[in-house]
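Reader: I'd like a close look at one part of this model. Could you walk me through it?

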Protein chains: 2
Amino acid sequence: MESMMIYMPAILAVIGLIFMWVKRSWVLKQDAGDGKMKDIASHIYEGALAFLNAEYKLLSFFVIGASIALAGIAYIVPTTHYLIIVAFIFGAFFSALAGNMGMKIATQSNVRTTQAARTSLPQALKVSFGGGTVMGLGVAGLAVLGLTAFFILFFHYFMGGVWTDTTQMTVVLETLAGFSLGAESIALFARVGGGIYTKAADVGADLVGKVEAGIPEDDPRNPATIADNVGDNVGDVAGMGADLFGSYVATVLAAMVLGNYIIKDMGGNIVDAGFGGIGPILLPMAIAGAGIIISIIGTLLVKISSNSAKEAEVQKALNIGNWTSIGLVAVASYFLVTWMLPKETLTMGFFVGGAEGFEYMDISSIRVFYACLVGIVVGGVISAVTEYYTGLGKKPVLSIVQNSSTGAGTNIIAGLATGMISTFFSVLLFAFAIWASYAFAGFYGVALAASAMMATTAMQLAIDAFGPIADNAGGIAEMSELPAEVRERTDILDSVGNTTAATGKGFAIASAALTSLALFAAYVTFTGIDGINIFKAPVLAMLFIGGMVPVVFSALAMKSVGKAAMKMVEEVRRQFKNIPGIMEGTAKPEYDKCVAISTEAALKEMLLPGVLTIGFPIAIALIPMLFGYENVLIAEMLGGYMAGVTVSGVLWAIFQNNAGGAWDNAKKSFEAGVLINGVMTYKGSEAHKAAVTGDTVGDPFKDTSGPSMNILIKLTCLIGLVIAPILGGHTETDIPNEGASIEMEQNINANDAEDLSEEIQVNMTSEGNKTIAKVRITTTRKGETKVQQKTFTGTKAEVEKQVQALKDKA
Amino acid sequence: MESMMIYMPAILAVIGLIFMWVKRSWVLKQDAGDGKMKDIASHIYEGALAFLNAEYKLLSFFVIGASIALAGIAYIVPTTHYLIIVAFIFGAFFSALAGNMGMKIATQSNVRTTQAARTSLPQALKVSFGGGTVMGLGVAGLAVLGLTAFFILFFHYFMGGVWTDTTQMTVVLETLAGFSLGAESIALFARVGGGIYTKAADVGADLVGKVEAGIPEDDPRNPATIADNVGDNVGDVAGMGADLFGSYVATVLAAMVLGNYIIKDMGGNIVDAGFGGIGPILLPMAIAGAGIIISIIGTLLVKISSNSAKEAEVQKALNIGNWTSIGLVAVASYFLVTWMLPKETLTMGFFVGGAEGFEYMDISSIRVFYACLVGIVVGGVISAVTEYYTGLGKKPVLSIVQNSSTGAGTNIIAGLATGMISTFFSVLLFAFAIWASYAFAGFYGVALAASAMMATTAMQLAIDAFGPIADNAGGIAEMSELPAEVRERTDILDSVGNTTAATGKGFAIASAALTSLALFAAYVTFTGIDGINIFKAPVLAMLFIGGMVPVVFSALAMKSVGKAAMKMVEEVRRQFKNIPGIMEGTAKPEYDKCVAISTEAALKEMLLPGVLTIGFPIAIALIPMLFGYENVLIAEMLGGYMAGVTVSGVLWAIFQNNAGGAWDNAKKSFEAGVLINGVMTYKGSEAHKAAVTGDTVGDPFKDTSGPSMNILIKLTCLIGLVIAPILGGHTETDIPNEGASIEMEQNINANDAEDLSEEIQVNMTSEGNKTIAKVRITTTRKGETKVQQKTFTGTKAEVEKQVQALKDKA
C-alpha cells in the first residue's frame, strides 16, 4: 500500500473526474425546456463558446511565446530542463480544459435549472448545484491529476522512480513548476480578461438599455443582454475556476518543494513508513487527493426537500455540505500526517534571533497537523469576516445605507472606509496564520496550512459556480416571460448565490495569500539564499516597487472596464439605430456582435496589466544582471519585490472586494426597503440613487480589479520561482552524470593580527567546460564577524585567476 | 573657525529667527483695515487662538503621559538617560511654539493682505508672502536651534565636549531622539487633529449654509463660516508647519546617528580638518543651518512689480525664489561636504550579496555630495509629478472632467484611478532615490539626501503658508463686501496658492518618506541587528500588519471627518432655529460655539488613530517580550512593521493626496468652463454636480487622511528608534564609569567530527549588580555555517549557570 502511495492521489483524482462525468450526464439528461427558453439559452451557450474560442486563440500565441522564453531559461541554466516547457503547456491546457468544461456545463445547467424551477425548488437546486459540482470536480480533478501525473513522470525520468538526493528532487520540482506556471497564466487571462469582459458587458448593457432606451434588465431586445449573461459565467465560473485551479496546483507544489527541504535538513535521507523516503513530499498530494473524495461526500449532502423552502434552508443545505467536508479534511489530515511523516520527529531549520540566527530543531510530526488546522480555521474565519463586512443587514452595510441619505459623496466615503477597515481583522488573521503555522512546522507548516485549506476546493467551487447558474436561470426565466413563481424560485437560489459569492471571494483571497507565502518560501529554498534582508537598499527599493504594482494594476483594470464598456455602448447604439424593428421585438438584435466586442476589448485591455505582471519580475532579475550585480543580491531583490506585491496585493484585494461587496448589498437593501432617519425608503428614492452610484464604483472593484489581485500575487511569486534557478541556488553542487567535477577546499588564514582575521573558503565545481567557484570570505574585525560570498563563473583558467587575485589581496 | 563649527548652525538659526522677527514687525505694522474687515479678522484670529488653547490643554496631558512612559524606559534601560524627557518636552514645546507663532501671523497677515489688495497687487503679495516667510523661518529656525542647542548640551554633559567614542555619542544621540519624538507628537495633533478640524468645519458649513439655507460660501450669516476660515489655517498652516518641523528635526537627527556609525566603521576615531573628529555628525546640522540663510535669500527674491500682473507672474516670482534657494543648497552642500568630511576617503560598511554578505569599502567623500544631489533632484521632480497629476489643464484632470459627463460613478472611478496610477512614477522615483543615494554613500547618503532636500524647508513653508493667507484674505474681502477688484487681486494670489499647495504636499510626502528611511536605517544601527530578514515568519507577519495600519488609519480619519461634520451641522441648524434675526443679518451668530465644536470633535476623533499609531509599535515590542522572544528577533519584527508602515503609508499618501487634488481641480475646471463632447459645460451642469460629488470624496482624502500618512510613518519610525535601546544593541559593551566590568572570551571547539563543528564565544559584561552575557554559537554542518546569538541577563551567578548549561549541551 505505502509504496503505491505515489499513485494514490492521481487515482483519487480520476475517481473524482469519473464522478464528475456521471453528474454531468445526469445534468444534461434533464429537460432543457422549450421554445424561447431554449433559444435564449443557446445564445448564451454560443456566446460563451465564442469568448472561449477567442481566448484560446490569444492563449495559443501566449503559450508559444512563453514556451520560447522558457526554452531560453532552460538553455542558459544547466539545472532547468527542457521538460519544463512540456509541463507548462500541459498546465495551461489542463486549466483551459477545466474552464471549458465548467463554462459549458454552467451554460447548459442554467436553462435546465429554469425548467426545473417551473415545478420544484428542490429539483432546481439539485440541477444548479449539480452544474456547480461538475465545475468544482472538473477543476480539482484535473488539477490534482495533472500535477501528480507529471510528478510521477519526472520522478521516474530524473530519478528512476527511487529516492537519490534532494538536489535531483529539486530538479524534478523545478520542472514541475512549469505546470503551475501554465495553470496560473490561464488564470491571468480568465480572471483579468474575464473580469473586464463581465463588467464591460454589464455596464454597457445597463447604460444604453436601462438608462437610454428605458428597457428593463435582461430584456431580449437589448443586443448586449446575451453578452451580459455570458459575462456572469466568464467572470464567476471560468475566472474563479482558473483562479482556484492555479492556487490549488501552486500550493501543493510549494508544499512539495518545502517537503524536499525538510529531507535536506534531516541529512538528505529519511526513514518513513514505506513511502520510499519521500513521505513529506507526497503528503500534500495525498491531502489534495483525499480532499476530492471528501468534496464528493460534501456535495452529496447538499439537498432540500420542501418546495416552499426559503433562503435560510438553501443556505443551511450548502453549509452542511461545506462544514462536513471541512471537518472531514481535518480528520483526514490527522491520519495522513501521522501515517506518512517519519514517526518520531522531524528536523527543521528555524530562524531565531539575529540576522544570522538559525537553529535546527527536532519537532514532533504531529505539529504539521496543527499547522493544517491553522489553515482550515483561517479559511473558515476569513469567509466569516468577509460575510460580516459585505452581508445584507450587517452593521457595515447598514452604515453605508444610512450614509446614502446625504448623497453619493457620503455613500462613497462610507463604502471606501468599510473596505479599508475590513483589512484590519483579515490581515491580523493572515499574520496569525503565518506566525502560527510557521511556529508549528516552519514554512512546510505554512504550505500545508494552505494545502489543507485548499483541499475542499471542489466543494468551494461547486458552491461558487452554483450562484451564477441560478442567476442565469433567473435571467432566462425573465427573458422567456415565464410565470412569476419560476422567477421567485430562481431568486431564492440567486440570493443565496450572492452570499456564497462573497464568502467565496474571501476564500479565494485567503488561498491566494497563503499560496503566495508558500511559493515565497519555496523561492527562497530554490535560490539558496539565507533570507531576504530589507535593510539592503536595493532590496528595500524593490519592496517599494512591489508595493506599488498592485495599485497601478488595479487602476489599469478599472480603466479597462471603462474603455471596454464605451465600445459596447457604441455598438448597442449602432444596432438600435441601424436595425429597424428591434424595439418592437420584430427584429432580432445581433447578439454575437456584442459578445465579440466585449471579448475583443477584454482580451486587448488585459495586455497592459499582463505585461506589468510578467514584465516586472523578469526586469528585476535581468537588469541588475546587466550591471554585474551578484546573483545572491538579485535573488534578494526579487524576493523583496515578491514580498511587496504580496503584502500590498492582499491589502488591495481585501479592500476592493469588501468595499465592492458592501456597496452592492447597500444598493440591494433598498429593494426590501430601509429605515433612514425614521422613514422607510425604497428603490427610486434619492438615497437609492446615491447607492446606485456607489455600486457603479464597486462593480469593477469587486468583479475586476479586486479578484485580479489574486492572480497578480500568485503569478508574481510563480515567475520568481521559475526564475530562481537562474539566480543560483543549487548550482553550487554539481549535477551527477552531467559533467566532470573537481572539488577543492582551502582555508587560508591571511592575517592573524590582533583585531583583523580573514578566512577564505573556496568551493570549485565544473560542468562541461564551465567552472563555478563559490568563495566565502569570513572577516573578523574588532570582534565582529562579517561573511561575504562571491561567485565566479567561466573557464577553469579564468576562474582560478580570479580566485588567486582575491587570495593575493587578502 | 572649525572648532567653533558646532555652534555655527545654532547661530545661523538665531539669525533666521531675528530676520523672522523683523519681518513679523513689518507685517504687523501694515494697515489692518477698518470696520467690518477688522471685526471678521479678529473673529478668525480668536477662533485660531481658541483652537490652539484647546489643543495645548490636551497636549499637556499627552506630554505628561508620554514623559512618564519615557521615564519608565529610562528606568528599565541603563543606556537611556532621564534627560530624554527634557528633550522630549522641549521638542514638543518648540514645535508648538512654532505652530503658535505661525498661526498668529497667518491670521494677522490675512486682513492686512486684504487691505493691501485694495490698492496694490505687488503689496498684497508682499504682505501675504511676508506672513508665510515668518511662518517658514519660525519653523525652520526653532527646529535647527532646538536640535543643535540640545546636541551641544548633551555633547558637553555626556562627553565633556570632546570626542571619546561612538558608544558615548550613541547615548548623546539617543537622548536627542527625545527632541524629535516630542516634535513629531505635536505633528500628530496638528496634522491629524487639524485635518479633521478643517474638513469638519468646511463640510459642516457647506452642508447647512450652501445646501440647506442657500447662502453663499464665506457668508457672515453662517455660524460656521469663521470655523471654516480658522480651519484653513489649522490644516494648511499649523498642520503643514508641524509636519515639516518634525521631518526637518528627524532627518537631521537620523543623519547624525548614521554619521556616528561611519566613525564606528572607520575604527572609532577619525581625523578631520579640525572639527574635533565629529565632522560627519556635524555635517547635516551645518547643511540645515546654511539652508536657513539660503531660504532668507530665496524669500527676498519673491516680488512682482506690476499691479496688473496675472497668475503666471506671481508663480514665476515664487519659482525664482524657490529654484534659487534649491540651487544654492546644492552649492553649499558641495563646499560643506568637501570641507567637513575627512579629506581622502570614508570607510563604510555596505551590504553585498547573500544574507550575511557585508563589505567595508573606502569611498571618496565627494560621493556624499552626490547623495545630497539625489535628494535635491528627487524633491524637485516629485513636486513636478504631483503637479502633473493634480494640475488644472493637465491630462489626468481633463480625463476626470470628461468622465463627469456620465455621472458621479464614472467621475469617482476616474479620480480613484488617477490617484492610483500616480503612485507609479512617484514610487519609482523613491526606489531610485533609495538605491542611488545608498549606492553613493550608504545609509548616511540616504539620510543626507533627505537633509539636503529639507534644507529649503523655510522657503517651502513660506510658499505653502502664503496660500491659506491669500485664501483667507479673499474670504475677508467677500465677507466685508469690498469692491470686486479686491477679490480679483486676492483670487490671483489664491489660485497660485492652490498650485503651491499641491506641490507642497508632494514635497511633504517626499520628505516624510526619506525621513522614515533615514530613521529606519538609524533604528537598525541603534538595535545593533545585522539586518531585517523578512523570510522569518514573525517578521513577515509584522510586515503584513505594518502594511495594514495606514489603510485602517486612513479609514478612521475619513470616518472622523464625517462624525465631526455632523456635530457641526447640528450646531448650525440649532443656531438658525434658536437665534432670531440671523438670516436677516440683524443678529450675530455665535461663531465661537462652532469653533469650539469643531475643536472638541477634532481632538476627540484623533484619539483612536493616535492610539493606533503609538500603540502598535509598543505592542509589537512588548508582547513578544512577555512570550520570551529574543530581543534581536523582536528588533527585526519591529523593523518589519516599520517597513510595512512606510511602504504602505507612502503609497496611500500619494494615492489619497493626488486623487483628492485631481478631483478638486476637476471641479474647479468647470468654473472657467470645459468642453465635453463638443459642448462647453459650466458650473451648475449635471457634469459639474458629478464633479462636486467627486470633490466631496476627495476633500478628506487630500486634507485629512492623505497628509496624516506623513505623520504616521515618521512617528512609527521614531517610536521604533526610541524603543530601540530596550531591544539591545549597544548594551553589549559596557558603559564606562557606570559600573564594574569583567570581560571574558572563550573559544570552545565542542565537536570536531568531520561534518559538525561548533564554536561558542561568550562576552560577559556587568553593570551594577546586573550581568549581561552575549553568546555566539557558530555551527558548521556539512559545510554550511549557521550562527546563533543568545543573550542572558540577570545576576552574575544566574547568567554563568545558563552559559555553562549551554556549553554542556554543546
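At what angle do helix 12 of chain B and helix 14 of chain B pack, and how far apart are their axes?

Author: A word on the ground rules. This is a predicted model, where local features need pLDDT of at least 70, side-chain atom pairs count only at pLDDT 80 or more, and totals for chains, interfaces and linings use all residues. Residues are numbered from 1 along each chain as its sequence is written, while chains are lettered from A and ligands numbered from 1 in the order in which they are written.

Now the pair. Helix 12 (residues 423-454) of chain B packs against helix 14 (residues 484-527) of chain B at about 110°, with the axes 9 Å apart. Helices here are DSSP runs (H or I, at least four residues), numbered from the N terminus. Axes are lines fitted to C-alpha atoms over the stretch in contact, and angles run from 0 to 180 degrees between N-to-C directions. Helix 12 of chain B and helix 14 of chain B are therefore roughly perpendicular (65 to 115 degrees).

Who touches whom? Being in contact takes C-beta atoms, placed from the backbone, within 7 Å. Helix 12 of chain B brings residues including B:F430, B:I434, B:F443 and B:M453; from helix 14 of chain B come, among them, B:A510, B:L514, B:T515 and B:L517. By class, this contact of helix 12 of chain B with helix 14 of chain B has 16 nonpolar, two polar and no charged residues. Ala, Val, Leu, Ile, Met, Phe, Trp, Tyr, Cys and Pro count as nonpolar, Asp, Glu, Lys and Arg as charged, and the others, Gly among them, as polar.

Key
Helices (H or I, at least four residues) and strands (E, at least two) are DSSP runs, numbered from the N terminus. Angles under 35 degrees count as roughly parallel, over 145 as roughly antiparallel, 65 to 115 as roughly perpendicular and the rest as oblique. Two residues are in contact if their C-beta atoms, placed from the backbone, lie within 7 Å.
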